[in-house]
Amino acid sequence: MADRPRALFAMNPEHLPRLFPEPLLRRLTAVLDIDPGAVAEHFDEPRAAAALAETEVIVSSWGAPRIDAAAIEAAPLLHTVLHAAGSVKWHITPAAWERGLAVSSSAEANAVPVAEYTLASILLAGKGIFHLREDFKAKRSFTLGLVHPQVGNFGRVIGIIGASKIGRRVIELLRPFDLDILLADPFVDEAEAAALGTRLVGLDELVATADIVSVHAPDLRETAGLIDAGRLAAMKDGAVLVNTARGNLVDTDALTAELQGGRLSAVIDVTTPEPLPSESPLFDLPNVFLTPHVAGSQGNELSRMGLYMVEEAERLASGEPLAHRVDPAILWRQA
Ligand SMILES: NC(=O)c1ccc[n+]([C@@H]2O[C@H](COP(=O)([O-])OP(=O)(O)OC[C@H]3O[C@@H](n4cnc5c(N)ncnc54)[C@H](O)[C@@H]3O)[C@@H](O)[C@H]2O)c1
């Protein structure tokens with residue numbers, strides 16, 4: 001197997017066994033000449049620097065050092081980065097793009113658990129489960145047969161902000177249910193929205209019409225504070241905001257004030273700041289379901305991200321094009 005490309009792991013080494021459990025590592029080492037005992041955390045360490053001089057492929061993940069101008073200069077043979085995690089924006093620098101590196105990412109794999117979390121949240125929120133549970137906990141009794149008028153997933157209007165990788169997957173997962181799905185995304189036209197099974201609307205119409213608003217746009221200069229005080233005020237009484245995207249997209253103070261007022265509810269996986277200060281009311285409000293940025297890959301889900309990059313390495317070995325190649329030309333509007 002002399003012709004396997006020389007490759008180097010670059011990440012926080014703690015993640016390696018979860019990303020690449022034994023069977024995946026065997027597949028990876030069958031197509032790449034890579035040493036799982038030598039994981040680069042800093043490219044200026046003597047061992048990593050020596051390895052870099054021979055490296056053709058970097059297999060990176062969370063905690064990877066930046067592939068900056070110095071790393072690029074130190075790696076004359078490097079042509080491909082396989083990133084077994086989501087965004088490549090932090091570690092792939094302009095110098096790496098200028099070299100023309102092929103960069104592939106497991107963002108599609110990381111989208112799977114976020115979309116699953118969102119689907120579960122939307123269905124439970126639509127059924128009124130979050131507030132019914134809180135009522136039950138407070139009263140310790142219930143009246144069998146009592147009909148809760150605001151509850152149910154028949155004909156609910158769901159507003160998806162962003163036909164991103166995750167947004168598209170959420171839309172697909174919602175398809176079997178009796179829901180009406182609105183989409184707001186400046187990069188999608190009506191025909192594409194219709195093909196996805198959604199109706200394209202402006203963001204203001206979406207927030208004012210949807211029973212459940214789910215945020216899936218990337219954190220960009222243009223999306224900072226997208227869900228501001230005005231848009232929160234425009235949401236319907238009893239509406240639910242689901243945010244698994246980034247805290248920066250929502251005005252935290254305005255959201256906190258609105259949730260304290262009790263008119264809206266929220267499922268919140270991401271916040272700004274992160275974590276919230278311990279005195280934040282969002283920890284204790286009964287109409288808030290707050291989780292610690294866990295919608296993305298956790299536990300066994302890391303090996304899905306590993307698998308996607310093992311498959312990419314196998315494509316590389318057999319001369320096929322990469323399936324998850326990042327396009328630097330549209331990176332500005334991506335997560
Ligand atoms: N909670 C978690 O653990 C977790 C994990 C992964 C990703 N995320 C977040 O989820 C979000 C989606 O990630 P992704 O990888 O699917 O994104 P992505 O890179 O696929 O999103 C890019 C797309 O978003 C859409 N978009 C861009 N600007 C928009 C705007 N102003 N309004 C509406 N839509 C817009 C466009 O269709 C664009 O092509 C990001 O904010 C990301 O950081 C969270």
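**Domains**

I looked up the contacts between the domains: six residues of domain 1 touch seven residues of domain 2, contact being heavy atoms within 4.5 Å. The model is predicted, so I note its limits: local features need pLDDT of at least 70, side-chain atom pairs count only at pLDDT 80 or more, and totals for chains, interfaces and linings use all residues. Numbering runs from 1 along each chain as its sequence is written, and side-chain values use heavy atoms, without hydrogens and water.

Domain 1 covers 7–105 + 299–333 and domain 2 covers 110–290; the bounds come from an automatic or database domain assignment. Their centres, taken over C-alpha atoms, are 34 Å apart.

**Helix H2**

I checked H2 (residues 22–31) and found Leu24, Leu25, Leu28 and Val31 buried, meaning under 20% relative accessible area with a 1.4 Å probe, protein chains only. Seen down the axis, these buried residues fall within an arc of 135 degrees, so they line one face of H2. The arc is taken from the directions from the helix axis to the C-beta atoms. The buried residues pack against strand S1 (7–10), helix H1 (16–19) and helix H13 (302–317). Helices (H or I, at least four residues) and strands (E, at least two) are DSSP runs, numbered from the N terminus.

Note on methods. Buried means under 20% relative accessible area, exposed over 50%, partly exposed in between (1.4 Å probe, protein chains only).
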